[in-house]
Amino acid sequence: MAKFLIVEARFYDHLNDMLIAGAKAAILAAGHTSEVVTVPGALEIPGTIALAEQSGDYDGYVAIGVVIRGETYHFEIVAGESARGIMALTMDGSAIGNGILTVENEEQAIVRADPAQKDKGGEAAKAALALLALRERWT
């Protein structure tokens, strides 16, 4: 049984709740456990995963958050840098599923977050599960 850490940037409570529900359901369905830690924003997710990885307490990670485009360039920075940080950790061998939604509006986010619709939280957890299986196969 593997243990997963779901790292959420809690900004849009109702959207995060759906993403987390999907991620937890996918992890549980695969026979594993999870816990959730909350960080201030999406930019803090990669650093939190890096710290948790150093602890050796977790086998994999699911990044959860929602970034909705606004009127400034901040959207591009948050979306790009959080994805870059997660990808760097993945390239170093961490099993991470990226469930950070980057959308134009709340309506798009709802469709993607809802486990009954696109279930991007569940998909991110399944990606982490797949990467963990590959890491175990090759290491």
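**Close-up views of charged side chains**

**View 1. E8 is a buried residue, with a relative accessibility of 4%.** Here, buried means under 20% relative accessible area, exposed means over 50%, and partly exposed is in between, using a 1.4 Å probe and protein chains only. R10 pairs with E8 in a salt bridge, and their closest N and O atoms are 3.1 Å apart. A salt bridge here is a side-chain nitrogen of Lys or Arg within 4 Å of a carboxyl oxygen of Asp or Glu. R10 itself counts as partly exposed, at 27% relative accessibility. By the salt-bridge rule, the count comes to eight.

Some background on what you're looking at: this is a predicted model, where local features need pLDDT of at least 70 and side-chain atom pairs count only at pLDDT 80 or more, while totals for chains, interfaces and linings use all residues. Residues are numbered from 1 along each chain as its sequence is written, and side-chain values use heavy atoms, leaving out hydrogens and water.

**View 2. R69 forms a salt bridge with E76.** The closest N and O atoms of R69 and E76 sit 2.6 Å apart. R69 is partly exposed at 33% relative accessibility, and E76 is partly exposed too, at 32%.

**View 3. E104 also forms a salt bridge with R69, with 3.0 Å between the closest N and O atoms.** This pair ties together distant parts of the chain, 35 residues apart: E104 is in the loop between strand 4 (96-103) and helix 4 (106-113), and R69 is in the loop between strand 3 (60-68) and helix 3 (74-91). Helices (H or I, at least four residues) and strands (E, at least two) are DSSP runs, numbered from the N terminus. E104 counts as partly exposed, at 41% relative accessibility. Elsewhere, salt bridges with shared partners join E8, R10, D13 and D17 into one network.

**View 4. D119 is buried but has no salt bridge.** Look for D119 in the loop between helix 4 and helix 5 (120-138). The nearest side chain of opposite charge is K126, 5.1 Å away; Lys and Arg count as positive and Asp and Glu as negative, with His and the chain ends not counted. A polar atom of the D119 side chain lies 3.1 Å from the backbone nitrogen of G122. Leaving aside residues up to four places away in sequence, D119 touches G22, V111, R112, A113 and D114, where contact means heavy atoms within 4.5 Å.

Conventions. A polar contact is a pair of N or O atoms within 3.5 Å; within protein, one must be able to donate a hydrogen and the other to accept it, and residues adjacent in sequence count only if both atoms are side-chain atoms.
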